[in-house]
There are 8 protein chains.
Amino acid sequence: MNKDSLRALLQELADNKVSVEEVMESLKVLPFQDMGFAKLDSHRALRDNFPEVIYCPGKTVAEIVMLVEKTVEAGQNVLATRANPEIYEGVRARVSGAQFDQRARVLWIMTNSVAIRGRVAVLTGGTADIPVAEEAALCLETMGASVNRIYDVGVAGIHRLLTRINDIRQAQVLIVVAGMDGALASVVGGLTSHPVVAVPTSVGYGANFGGLAPLLTMLNSCAPGVGVVNIDNGFGAAALAFAIINAINTDT
Amino acid sequence: MNKDSLRALLQELADNKVSVEEVMESLKVLPFQDMGFAKLDSHRALRDNFPEVIYCPGKTVAEIVMLVEKTVEAGQNVLATRANPEIYEGVRARVSGAQFDQRARVLWIMTNSVAIRGRVAVLTGGTADIPVAEEAALCLETMGASVNRIYDVGVAGIHRLLTRINDIRQAQVLIVVAGMDGALASVVGGLTSHPVVAVPTSVGYGANFGGLAPLLTMLNSCAPGVGVVNIDNGFGAAALAFAIINAINTDT
Amino acid sequence: MNKDSLRALLQELADNKVSVEEVMESLKVLPFQDMGFAKLDSHRALRDNFPEVIYCPGKTVAEIVMLVEKTVEAGQNVLATRANPEIYEGVRARVSGAQFDQRARVLWIMTNSVAIRGRVAVLTGGTADIPVAEEAALCLETMGASVNRIYDVGVAGIHRLLTRINDIRQAQVLIVVAGMDGALASVVGGLTSHPVVAVPTSVGYGANFGGLAPLLTMLNSCAPGVGVVNIDNGFGAAALAFAIINAINTDT
Amino acid sequence: MNKDSLRALLQELADNKVSVEEVMESLKVLPFQDMGFAKLDSHRALRDNFPEVIYCPGKTVAEIVMLVEKTVEAGQNVLATRANPEIYEGVRARVSGAQFDQRARVLWIMTNSVAIRGRVAVLTGGTADIPVAEEAALCLETMGASVNRIYDVGVAGIHRLLTRINDIRQAQVLIVVAGMDGALASVVGGLTSHPVVAVPTSVGYGANFGGLAPLLTMLNSCAPGVGVVNIDNGFGAAALAFAIINAINTDT
Amino acid sequence: MNKDSLRALLQELADNKVSVEEVMESLKVLPFQDMGFAKLDSHRALRDNFPEVIYCPGKTVAEIVMLVEKTVEAGQNVLATRANPEIYEGVRARVSGAQFDQRARVLWIMTNSVAIRGRVAVLTGGTADIPVAEEAALCLETMGASVNRIYDVGVAGIHRLLTRINDIRQAQVLIVVAGMDGALASVVGGLTSHPVVAVPTSVGYGANFGGLAPLLTMLNSCAPGVGVVNIDNGFGAAALAFAIINAINTDT
Amino acid sequence: MNKDSLRALLQELADNKVSVEEVMESLKVLPFQDMGFAKLDSHRALRDNFPEVIYCPGKTVAEIVMLVEKTVEAGQNVLATRANPEIYEGVRARVSGAQFDQRARVLWIMTNSVAIRGRVAVLTGGTADIPVAEEAALCLETMGASVNRIYDVGVAGIHRLLTRINDIRQAQVLIVVAGMDGALASVVGGLTSHPVVAVPTSVGYGANFGGLAPLLTMLNSCAPGVGVVNIDNGFGAAALAFAIINAINTDT
Amino acid sequence: MNKDSLRALLQELADNKVSVEEVMESLKVLPFQDMGFAKLDSHRALRDNFPEVIYCPGKTVAEIVMLVEKTVEAGQNVLATRANPEIYEGVRARVSGAQFDQRARVLWIMTNSVAIRGRVAVLTGGTADIPVAEEAALCLETMGASVNRIYDVGVAGIHRLLTRINDIRQAQVLIVVAGMDGALASVVGGLTSHPVVAVPTSVGYGANFGGLAPLLTMLNSCAPGVGVVNIDNGFGAAALAFAIINAINTDT
Amino acid sequence: MNKDSLRALLQELADNKVSVEEVMESLKVLPFQDMGFAKLDSHRALRDNFPEVIYCPGKTVAEIVMLVEKTVEAGQNVLATRANPEIYEGVRARVSGAQFDQRARVLWIMTNSVAIRGRVAVLTGGTADIPVAEEAALCLETMGASVNRIYDVGVAGIHRLLTRINDIRQAQVLIVVAGMDGALASVVGGLTSHPVVAVPTSVGYGANFGGLAPLLTMLNSCAPGVGVVNIDNGFGAAALAFAIINAINTDT
């Protein structure tokens, strides 16, 4: 039952073509159907031209291509994460305008342009963290945020970080991507009063334990204002950062 | 060396009472001293009347009382986390105006009033999560945010949560406090496009493993826009939420 | 809005006292309010006289007593888990008919009698597992299932278990409570074609790791038909067993 | 010694061809031989036409083909889990009627038809959980249960799940397959009073830790009536669900 | 049914008072009853005067005292592990001859003397490991093995160990009790060709993690001939050592 | 300094060619040199014709071949574990008499025959555990023990195990190899008074966690007389079993 | 056999009272006895007046007092770690000169003065880390190193650390004591080219997991020159730092 | 702003061409710029000809080659860790003098010779630990330390280690590389008073858990003076050892 059929039903009641009890019965299953729920699927509607996001693992290339085609036909932008060259080839063969960054494993199609707002800084501890950082950065740019990349500023060379203090201070939200000891999040958290999104990566020697080490470091950060997302989850960081940016721009 | 002594030194140079090389030598250690660094200690200065935060564990009652006295004398508000009745008694004996919430283990003194801005919703899965939620809520109120408490809305009774949908939608930032399965963060994350701060708690049966279970649940949340803080860390959630609120109110 | 006020509203529409659009607006928030949701809160309504369940930890004695009083006044049976003598004393002082088993930490009040149906066998590996087993057994009896206790039949003395084979075969559902190696679940699972609910306990020497060892054992059970609940969670086992019993008696 | 030889032995005693003591001696080793034990191997005999189950890993293709041939010759249905295309080819070359689902890694041969009874709903959080869900669904169908697939209804979009409420309510047993945060089990557990079998999957980002995250979530489910099986163990879920279905249909 | 009643039954058959089929029916449940099973409970019968072992945790003092009394009345020796002074007092009040070692938490009563055979060496890394070592040693002595205590010979002072080389070489079985790094098991394993039973203890600084560190060390021992028992499980080590001693003395 | 040079030195003292103090000085460094140490390397000398053991991982084929050649030239038997076909080919090309079992990854050369003594039973829970069991069995046979293979007797079908009770009872030492729930060790431990060597395997579904589940099960075994070796470590089990066999045959 | 008896034996040989072969036989067991081993016990002899170290846990007060008395009588300094007031009282009642720091749990007696050499800086992240830091500092001072305490310089306020850069640079060895995120070690490691000894502490919120979080952070430090000791192990850090100081002063 | 521009600015002030306030403004951002920070980047300047270190993972061959070329042009030595043959080929094609050790995965170019000082012993428990040991050894040699390799001296054959006691005693710093039980670090720590750097390796059977077992062993070492670096981190061990060597040679 959609809004129109509900309105038609109520009109029938107003016209006394159906009884109150018949309408009561029809409304009983209403809550779990469709009327109010379009509003629930809010992320797509975050703002104009927010992309349709496709998480590629576990889907066949054919399934992904079909999803992309449908989205483009619907006039929406596309953002596919954890993509690979094979997926890119599959999409390119059917849809024009696709872009792909292999390091970040991100594929995107900008059917519509987006207005840029919000200043996000994306920092990495080392060069090996860049793929995850780029996943975050590219996702954010597709969503419509401006990104300032501050890479390879790990805390073992604190001066490298401090020389970027102005960039850090100007960002509205900061994403800190770090493997190994993950200590960068704490230091950055101490240099800004803005929200910091911390992304542990699985980069490092043995006792990194697949990202567990920087994950725990970041969760235990002694700096206030740090929120942590899953290991290697650049997209998750971008989504949280964009939710904040969106709040800044629309929620006052 | 502070600003005044630096200015005096430069004046001496301008007056040619010291040589350029002498000033060079003095400036060499400057960066690590005091001049520019007042700006670094930004959290206290987040906004007017932000409280001085004291983390009580590992400090003696005497040390805490001294810190509180000094802060109050300096005309600042006080927020002490993980406090206990003994600390409260100690403070009360020396300083007037102290308030204490035993369940939340929070002690605070509002020397100055704060302007309220920002709407934060604090949700809990069960009643056993309330102490941590109250730590977050009381900290936020001390910082100057308005808090809407939505307690005991765990996902096993999804209707309890859904009847609060309007409250959820009106919040600018949401803090979700949940032990056991920690699933509330994912459901709330799907009901809002605003940032969600997730706080796992150590509440639950055996395989909660001191909060590890909801921690992992929240890190793996399939809803976008969720950032996780440490287990039972109500203050940490408040700090992140307030950083976002602050950004919303000042950073556009 | 409840059913009555909805019916009244629709009647107003049928009487043309309100417009279709006004009713549309009222219905918009309906799904998340109260009408259909009574049906959602299904566990209490599982069957007649199902008790109101109170999980005690994190609640004050006063809060628990109030909940108990309210439930008894409403004519419902009460089942409080993880209770303690202090709670029992508090309840007894205000409500008559309360029973308490200290070992199982279960408190219950049978305001109404329940018809008994379903045959559940509760087995333990050792005597130290009995408190958790009794939590399960007493909860089940309060819910209205008959329980056959088969205690101290750990697999290291397989003959003790095998002499109880007839009891095992006659049960419709089996709850296996075991700490240490938790191996009992696998052996029992192999002796019956009925569902087995496995409850690991935190009983044992060091590398039990608070119940992790039997938990993993049970999850890895090589016998089909075994479902695992949380460590030491006797109530959880009872709830699952009763859901099965209930299905057996009502769902064909 | 089988029943016939035992009977023969007793006949000899009745005929006084052997002494009581000689029979006593023969009976001494009896318990561990064969007489009563046919009844122990109960799972195959759960009901008519229950398939012979072959777990493929660790067996060579030749061994599996031989097992399949023997089973088919014995007139039994075959269910092989964790199969692969090579095994399928090997079987097909020797036996007709084999079916294979690559995604679910299930191979089956229905030598005899089975009567369908029982209504199981299989739900997944995302599309990446479908292979495990299909393993459960196909196994159940081979055993003789009817399956209602409700896929991609993760809790981050709670409305998708709620629109399927009628399907959920009609199932006698529910299997919930979910990776990432595994929160679906708790929400589904709250929507039904029937038993829920929860299957964590190893799907997700880093801190999923090979399925540990949803495993812990499900074990800590705050909804009553949830039993957990091993990570990615679709067959285990089917076996538990079928044990319940079987109990519903035969055990009252 | 016991041997006598079985014999009686068979006699009835021999006398043709019952039919073969009637006896068949009676025998059907036989295997899981009592006849042959006395032989299964083999540990008590390991050798003459093997003590009845009581594991105290989870039992009330009253229950333990009753068990002890019954055992003594039956003329058997008693060995109670993880006992405490309260239990000792309870036993002493009712039974004479009880001995108690508080450090080892072992209580024993030698109703009958045992012949001593077997030479076991019990080694510890440090003095803090002695309680567990004494649990092993006292249990062994109660069982009837001779024990050579070689304490405080941790590998950080390898010479202390090497000066005891003759004692090590003369032992038939060695029990190595060590916390901290647990390295002693490997070194001892390299100094003897006899079986080594390794017992990790929960002694040590933080990253001992309740005995996990020496447990893993011992499992990964690069010396052949090392078997590991549970953390702090002195009794378990004694039981394994005695099984070996018993095999040496009786099984050739 | 070797025995001859020491004897020469002492002779010089007896001949008064050197002083007592000079000999004292020479003897000071003696302990860490070579004299008595040949006796330390005891494992090779466990008994006549004990094989030289080569652990292949981390060594090149060329290095292994060289070691094998040298050993064979020295007239010793060879036992190489964790070998692969490439190593086998390399050895075969240079040395005759090499045998190789691919499933067990064991390569051996019997330059000399060994007298057989000792009866070891090797049991497995499932067929997938056989490679590890065969590693243990083949190693033991090379060492000179007789092995009784009792495979696929997992506890979920307890009757399969019980029908082998006589084999179990006749073994002097038992090796139990099991993955999944690892429960077999406890049941076997309860059926025998002889030492049981438990080997967890990494066989199983997700929450086996690479063998952690059966490892913990076995360490927590409620049956006395069980010692655990490392995951998948068939050789380690053989070494421990042989140390016991050796003790039985030589140490009374 | 000690030096004197060996010398006597050799003298007998020189006097031809015993034969060369008889001496050979006596020397055979020599290496594992006592002669040369005094040299092995090198830590006590690190330098003049190095204290005798007593680790208190697991020892009775009486045992500790006896050890202390014996050491003082022998003219050696005493250092007892993990002591408590009860131990201090016990020692004070028998020996004069004892000093005790309750926060650091260190008791020491300086029977002889020690020459001071070496400059160690001990840093902490927060005030709650000070007890462990003081354990390290007091141990070092007892050993004879000079200590510069630089406390409460956690990385969330990086300027606090940088203002101490000269102190950091002047230290020959640095001990970094930090709980929570443990990030201080990495930053300090980047500010110095001298060895850094990192000590994780169990200070912090839930996901500190008893010090696991900072332990992993420190092991994964991206700064070179960092070595980690056990959680909360202030003495261990002191011992490593002193070994380095000692090497600096004596080993060139 | 560098030193020259700062000096120029101050000269302008001395010449009264700019005002004191203008200089104050310029100095405000100074601390985070460049003046004093050259001194921060201390590791490269540890001593003359210290190599530029390149960590290869996460970098493309092209990026690595470019870094190498730039470094060689700058007249510096190159040390690339975790390199592979492809990288070596890429470097060799562009730069002369490159050396590569495949086992240790180390590539180095000695543009300038280094003076050798410092004596480091590198020990391994087994042959499988040699790759990590060689990484440490080659890195140290490139840095300018002399290395004594003492391989395959695991504690299960303690005499192999003891025969090398003189080598152990002569080293100023010792690096102990061991997998499996990791016990070698404790034994070596007991044989020397010099600092020991312990490197756990991921070598071994199942419960090595990727190096966790020896990592914990080493952290719990009962020998004083042991510092631990990350699993398999040969370079990290070399860096710490060299920091110590450097301190020995320059810091008195």
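Through which surface do the copies chain B and chain A meet, the same or a different one? In this predicted model, 100% of the interface residues of chain B are also interface residues in chain A, so the copies meet through the same surface.

**Chains B and A**

Chain B is superposed on chain A, with an RMSD of 0.3 Å, by a rotation of 179 degrees with 0.0 Å of shift along its axis. The two copies are thus related as by a two-fold rotation axis. In chain B, the C-alpha of Ile248(B) is the one nearest this axis, at 1.9 Å.

The contact draws 35 residues from chain B and 35 residues from chain A. About 3000 Å² is buried between chain B and chain A, and carbon and sulfur atoms give 62% of that area. Between these two chains there are zero salt bridges, while five residue pairs are in polar contact, both residues of a pair being at pLDDT 80 or more.

Several elements of chain B build the side that touches chain A. At least two residues each come from helix H7 (165–170), helix H8 (184–191), helix H9 (212–219), strand E9 (226–228) and helix H10 (234–250) of chain B. H10(B) supplies the largest share of that side, seven residues.

**Chains G and E**

The second pair is chain G and chain E.

Chain G gives 21 residues to the contact and chain E gives 16 residues. Across this interface one residue pair is in polar contact, with both residues at pLDDT 80 or more.

| chain B and chain A | about 3000 Å² | 62% | zero salt bridges |

**A sheet in chain H**

Chain H holds an open sheet of four strands in the order E1-E2-E4-E3, with mixed pairing. Strand E1 (52–55) and strand E3 (98–101) of chain H stand at the edges with a single partner strand each, so one side of each is left without a neighbour in the sheet. From one strand to the next the twist averages 15 degrees.

Strand E1(H) and strand E2 (residues 78–81) of chain H run parallel and are joined by four bridges. Within this pair, Val53(H) stands opposite Leu79(H) in E2(H).

Two helices of chain H pack on the sheet. Helix H4 (residues 85–92) of chain H touches E3 and strand E4 (106–109) of chain H, and the direction of helix H4 makes about 170 degrees with that of E3(H). Helix H5 (residues 130–143) of chain H touches E2, E3 and E4 of chain H, and the direction of helix H5 makes about 165 degrees with that of E2(H).

Technical notes: Residues are numbered from 1 along each chain as its sequence is written. Chains are lettered from A and ligands numbered from 1 in the order in which they are written. This is a predicted model: local features need pLDDT of at least 70, side-chain atom pairs count only at pLDDT 80 or more; totals for chains, interfaces and linings use all residues. Side-chain values use heavy atoms; hydrogens and water are left out. Two strands pair if DSSP finds at least two bridges between them. Axes are lines fitted to C-alpha atoms, for helices over the stretch in contact, and angles run from 0 to 180 degrees between N-to-C directions. Contact means heavy atoms within 4.5 Å. Copies are superposed by least squares on the C-alpha atoms of residues with pLDDT of at least 70 in both. A polar contact is a pair of N or O atoms within 3.5 Å; within protein, one must be able to donate a hydrogen and the other to accept it, and residues adjacent in sequence count only if both atoms are side-chain atoms. Buried area is the accessible area (1.4 Å probe) that two parts lose on being put together, summed over both. A salt bridge is a side-chain nitrogen of Lys or Arg within 4 Å of a carboxyl oxygen of Asp or Glu.
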